[in-house]
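Hello,

Here is the structure you asked for. My notes on it follow below.

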Amino acid sequence: MQKKAISYLRFSHEGQSNSSIERQELITSQWAERMNVEITDTFADAGHSAKTFDRPDFQKLQDFIKQHHRSVDYLIVDQMDRFSRDAGEALSMIKKLQSKYSIQVVSATEGITFDYHTPGSFFRAGLQFLLAEEDNINRASKINAGIYTAKAKEGRYIYGHAPFGYKFEGQGKSRHLVINEEQAKVVTYIFNAYLTNTPDYIIRERAAHMGLKHKGNSVVKDFLTNPIYAGHQVVKPYKDLPGGIFPALHKGIVDMETWSMIQQRLKGGGMERVIIDDNLPLRGVLKCHCQKPLTGAPSRGRHGKYYLYYKCRHKGHNNISATKAHEQLHEILKYMSLPQRLVAAIKDQSEKMLQERMKDNRANLSRSKRDMEELEQQLYSVEEKYIKNQMAAETYHRWLKDLTRRRVEVKSRIERFSKNGDSTWKLLSDHLSKLTDLQYVYNQADTLKKQELIRLGFDNELYYEDKTYRTPFVLPIFEHNLLTLNKKKLLLIVDKKERADKVRPSGGERSRTAVQT
């Protein structure tokens, strides 16, 4: 009676030709013809690794065997590494196929039928699997070494798709990331919006409107935590070589200092979740005397009409009419507006300070570039000594880690000191005059900008207690009418010692003068 078999064919990735499958099919069919065995069915997995048996057609093959094992004598493969590269798992499968289903595995190329009950045959099967597994380990080791060298030492981005915000230029090893200006605007918005406490859901909505296709609740955090956007990339450790965040060749969309600051902020729990409501701009910004941010919601009056209130979650604490709170804040902003002569003086002083800062930046930039040259020379010297076996591996890795960290810091300084001050001065010149009517500036802003103005002006410490706004801090530029605000009980300065530590000594007597028109 003619024996029957099923065959299994596999190639691991699309880079291999389909002829690999055709060749395997030819070899397995030739063995079957030579041994007078009929192949009743063939299973083929294209583009799947042999590291595990979790492959679509191999699963189908197992289901077939469970149902039709009585009519199958052999499972034919071209070579054992087509079957599996995991020696232990493969030998266990061979044992199961023979002991449970009476099916033997055949390596057609080697002309070997493996018999679990024959010691010599089983040893040969184990040897073939071990050789295949060793080959797989060697290949993986070479690939991982190449990846580490390309990323950690050469700073190349080696993946097939450019991250959002970038595009590829060049070919082969010269291929590198360059900024995609349109997409970079979205990335810049995400970072800036987070820094200004914009709620996550608002950032996602606006980023999508700007062209971001990425979906999911974690999309903002994914962008913020990716060092690619700061000109760096994550490198996995390789053997004794350290992993971590390494400088990359491409230019960052944000500077490393900003990125590092955001990571610290994320570790600290990020920001409180605030729902934006244009009718309640102070929600989540204005605080109760217990230091908890006030919520905001409508309350129903006696005659069925709804009124907006700012409320504390603690019973018996603040429950403020939003209309009254807004009116009081408008009065405060009116007195905080700057007189024309003060704006002119600030503008003149700011220009001098900016010019001085740019002079300092140029000097710092020059020093930082010299520091970078010295670090590069030290890195080259350390690597050269290590390659020539003049330095122990432990010493090399310690030096490499320290020098790499210092290079990141110096690169961040170079980026910061390279920024041109012209745009800063133009922004200051265009908008400083608007501070003569701070109430107007506030009313013209959208809700997010209103919240940022309040946070900035009072350093996130604006409270409400006994029908009055209170704060330990006012931005020095707005201090000129604090005495008037205090007399009118519009804004009370509390905890003067803490405030004195924050206010510049130059605040002086001018901050106590009456409102000027």
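How many residues does H11 have, and how far does H11 reach from its first C-alpha to its last? H11 has 48 residues and reaches 67 Å, close to the 70 Å expected at 1.5 Å a residue. The expected span is 1.5 Å times one less than the number of residues in the helix. Helices here are DSSP runs of H or I with at least four residues, numbered from the N terminus. Just after H11, asparagine 389 takes a positive phi of about 60 degrees.

Before the rest, some notes on the source. This is a predicted model, in which local features need pLDDT of at least 70 and side-chain atom pairs count only at pLDDT 80 or more, while totals for chains, interfaces and linings use all residues. Residues are numbered from 1 along each chain as its sequence is written, and side-chain values use heavy atoms, with hydrogens and water left out.

Aromatic pairs

The search of the whole structure gave 13 aromatic pairs. Rings of Phe, Tyr and Trp (its six-membered ring) pair if their centres lie within 6.5 Å; planes under 30 degrees apart are stacked, over 60 edge-to-face, and the rest tilted.

One of the pairs is tyrosine 386 with tyrosine 396, which is stacked at 4.0 Å centre to centre, with 5 degrees between the planes. Tyrosine 386 lies in helix H11 (residues 340-387) and tyrosine 396 in helix H12 (residues 393-417), so the pair ties together parts that are 10 residues apart in sequence. Tyrosine 386 is partly exposed at 28% relative accessible area, whereas tyrosine 396 is buried at 1%. Buried means under 20% relative accessible area, exposed over 50%, and partly exposed in between (1.4 Å probe, protein chains only).

Tyrosine 464 and tyrosine 469 have ring centres 5.0 Å apart and planes at 85 degrees, so this pair is edge-to-face. Tyrosine 464 is buried at 2% relative accessibility, and tyrosine 469 is buried at 0%.

There is also an aromatic cluster formed by Phe164, Tyr166, Phe191, Phe223 and Tyr229.

Charges over rings

The charged end of arginine 175 sits over the ring of phenylalanine 168, 3.7 Å from the ring centre. Arginine 265 lies over the face of tyrosine 194, at 4.7 Å from the ring centre. The criterion is NZ of Lys or CZ of Arg within 6 Å of the ring centre and within 35 degrees of the ring normal.

Leucine 91

Leucine 91 is in helix H4 (residues 87-101) and is buried, at 18% relative accessibility. Leucine 91 and tyrosine 116 are 25 residues apart in sequence, with their C-alpha atoms 8.9 Å apart in space.

Regards

Technical notes:
Helix = DSSP H or I, 4+ residues; strand = E, 2+ residues; numbered from the N terminus.
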